[in-house]
Amino acid sequence: MANADPRVLLLARQVAESRDEDVPVLLLKLKEILNSASSGSKESKKIRQEIHYYDLTQYCVLVLRQDYSRLPGGWATAARLAEILSHCCVGLEVKEDPEEFYKKFLPSAIDNLLFLGRRLQARFIRAIKDEEKKGFLHCFHTVTDAICWLFGGHIQLTECVLQNDHFLQLLITDDIETAMIMMSVLHNILKVNSPVLLCVDEKFLHSVLDELVYKLSSATNPVIGNAATKLLLLLAKFSQQLVKLLTTRYKGLKLLLSKQWTGKGFDRDLSQLLDLLYLEQSDRKEEMQRQHQAACLIQATWKGFQTRKRLKKLPQAVTALQRSFRAKRKQELQHLKKQKEDEALKQEMQLQRQRAMRHFHERQLALLEIIHASQMDKHIQEMEEKSALTIQRFWRGYRARRYFHQQKQSLKEYKAAVTIQRAACKFIEKRRKKRALSPWKDTKGLADEQRLALKQKVDDYIKLHPASQMSEEMSKELHVQAQEKLAQFLLRSSLDRRAAQRRETLLAQVNTDVELLMINRWLIYFHLLWLKRKIRAMQSESDLHFH
């Protein structure tokens with residue numbers, strides 16, 4: 001920069017060549033340079049532009065995060081640097097790359113200043129000696145004044161301050177002195193740019209309101225209560241939307257204010273805040289009452305409409321209900337009737353079975369009385385053979401029926417395949433007959449010379465590649481031989497298939513006979529035991545009768 005202040009140039013050179021520990025002390029010379037020109041003058045603006053051009057303001061921002069416990073001047077140096085930084089940035093007109101200055105540099109300066117404030121607040125709370133406490137409190141006050149001066153010169157920074165986590169941490173404290181300072185910073189923000197509350201994120205706005213209401217509910221110091229009440233009153237006067245938020249989010253706020261803070265020296269502000277809250281509550285009650293009446297009217301209209309509609313459909317509904325009831329009753333009666341018929345049929349079959357068994361036993365007894373004792377074994381053997389034949393007959397019939405049902409689907413598929421094959425063969429034969437080609441097919445669209453040349457090429461190809469000659473008798477004889485071999489193959493395959501089926505049938509019959517013989521063996525055994533017992537009983541009865 002041409003015609004730069006030699007003091008600024010010298011300071012920039014010294015800062016660039018010095019160690020990091022010596023930079024904060026060197027930057028304190030900026031205050032003397034700034035005070036050399038009256039505020040608002042052209043010389044003052046030029047000095048600020050030169051300081052920013054040579055990155056001295058950037059150095060001020062960066063050194064704010066250093067630990068000043070072991071640096072010369074301690075934390076008072078950091079507070080003075082914060083004051084210098086705010087005075088350098090306010091009234092500065094940046095011509096080169098202003099977007100970076102307003103969107104990056106100033107927000108980073110606010111963040112570092114708030115971070116420095118948190119460190120000073122923590123050391124003030126931990127300090128034991130009164131002198132240390134006074135020193136840290138003075139430094140903290142200087143840093144917060146620098147922040148207020150900075151966002152007072154650049155109003156857009158108020159949103160950055162409210163949305164900064166360090167600001168919320170500074171506000172959330174139980175220490176009275178630092179809490180009062182932070183509430184004064186919040187008061188300055190609202191005075192400088194009140195609409196910013198509607199621009200910040202809802203989460204940050206709720207955090208600030210939660211802290212103010214918490215201070216009113218937990219603190220007993222009237223100074224804290226007065227400051228929190230003034231802040232809430234300022235918020236309520238600014239926007240009706242914030243009043244609604246206070247009444248809906250904090251239900252017991254009015255009762256808390258009236259009981260805990262009445263008669264503490266700020267009744268005027270307190271009464272104004274309560275009037276605003278009660279007015280909002282009454283408006284809300286009237287609105288809710290009007291909405292309730294409207295809802296009742298809508299419900300009554302809708303219920304009347306539904307009732308009239310239901311009454312119109314009542315005859316149809318009754319008819320449908322009667323029809324469904326009669327159909328259901330008829331279905332139930334049919335079910336009961338069928339159930340009774342099934343039970344009667346079951347009982348009738350059981351009686352018939354009992355009668356048949358009784359008739360069979362009676363006939364057996366009659367035969368035993370007629371047949372001589374010497375013929376008993378022969379009779380028993382005949383009965384066993386008849387019984388075995390009957391069981392075998394029924395079993396084979398059952399097996400044959402089951403096999404037939406199993407083969408029924410495959411038989412259908414086989415017949416369908418045969419039908420499809422027959423139709424396909426007929427179709428192919430018809431197409432083959434239609435495609436019967438002549439020895440020479442005249443080409444269309446060819447001249448006589450082209451046709452002769454093409455025919456000459458075909459003849460030459462036939463001469464070069466002669467086909468195998470076969471007479472008509474040889475081809476017929478070959479065809480007859482092929483037909484004979486095909487017939488022999490089909491006959492042999494059908495014979496093999498029948499033999500395989502016969503083997504399977506014989507094997508199944510053998511297995512069935514074996515199973516039946518095993519069953520008959522036990523049946524004969526039990527039947528012989530029963531007959532022997534019966535014969536013995538008859539012999540004993542005849543002996544008794546003879547005696």
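Me: Before anything else, what is pLDDT?
Reply: pLDDT is the predictor's confidence in each residue, on a scale from 0 to 100. You need that here, as this is a predicted model.

Me: OK. Where does pLDDT stay under 50?
Reply: Over residues 437-443. For that stretch the model has two contacts beyond four places in sequence.

Me: And what does the chain average?
Reply: The mean pLDDT is 81. A score of at least 70 is reached by 91% of the residues.

Me: Which elements have the lowest and highest mean pLDDT?
Reply: Helix H15, residues 253-260, has the lowest, at 75. Helix H8, residues 130-153, has the highest, at 88.

Me: Switching to the fold. How many helices and strands are there?
Reply: The chain has 20 helices and zero strands.

Me: Is the chain spread out or compact?
Reply: Spread out, more so than a compact globule, because its radius of gyration is 59 Å. The globule rule gives 24 Å for 547 residues, and the chain is well over that.

Me: What does the C-alpha trace span?
Reply: About 150 × 120 × 65 Å along the principal axes of the chain.

Me: How much of the chain counts as buried?
Reply: 28% of the 547 residues.

Me: And the accessible surface, what does that come to?
Reply: About 39100 Å² for the chain. Carbon and sulfur atoms hold 57% of that surface.

Me: What about contacts between residues 24 or more positions apart?
Reply: Take the contacts in the chain with a separation of 6 or more. Residues 24 or more positions apart account for 75% of them.

Me: Charges next. How many positive and negative ones?
Reply: There are 92 positive and 65 negative charges in the chain. Their mean positions lie 13 Å apart.

Me: Now a single residue. Where is Gln392?
Reply: Gln392 sits in helix H18, which covers residues 376-434.

Me: Why does Gln392 count as buried?
Reply: Because its relative accessibility is 13%, and buried means under 20%.

Me: What is Gln392 in contact with?
Reply: Asp513 and Leu516, leaving aside neighbours within four places in sequence.

Me: Then Arg393. Buried or exposed?
Reply: Exposed, because its relative accessible area is 52% and the cut-off for exposed is over 50%. Arg393 is placed in helix H18.

Me: How far apart are Arg393 and His379?
Reply: In sequence, Arg393 and His379 are 14 residues apart. In space they are 21 Å apart, C-alpha to C-alpha.

Methods. Residues numbered from 1 in each chain as written. Predicted model: local features only at pLDDT ≥ 70, side-chain atom pairs only at ≥ 80, totals over all residues. Heavy atoms only, no water. Helix = DSSP H or I, 4+ residues; strand = E, 2+ residues; numbered from the N terminus. Rg over C-alpha atoms; globule rule 2.2 N^0.38 Å. Buried < 20%, exposed > 50% of the residue type's maximum accessible area, 1.4 Å probe, protein only. Contact = heavy atoms within 4.5 Å. Areas by Shrake-Rupley, 256 points an atom, 1.4 Å probe, with all protein chains shown as cover. Lys, Arg positive; Asp, Glu negative; His and termini not counted. Charge placed at Lys NZ, Arg CZ, Asp CG, Glu CD.
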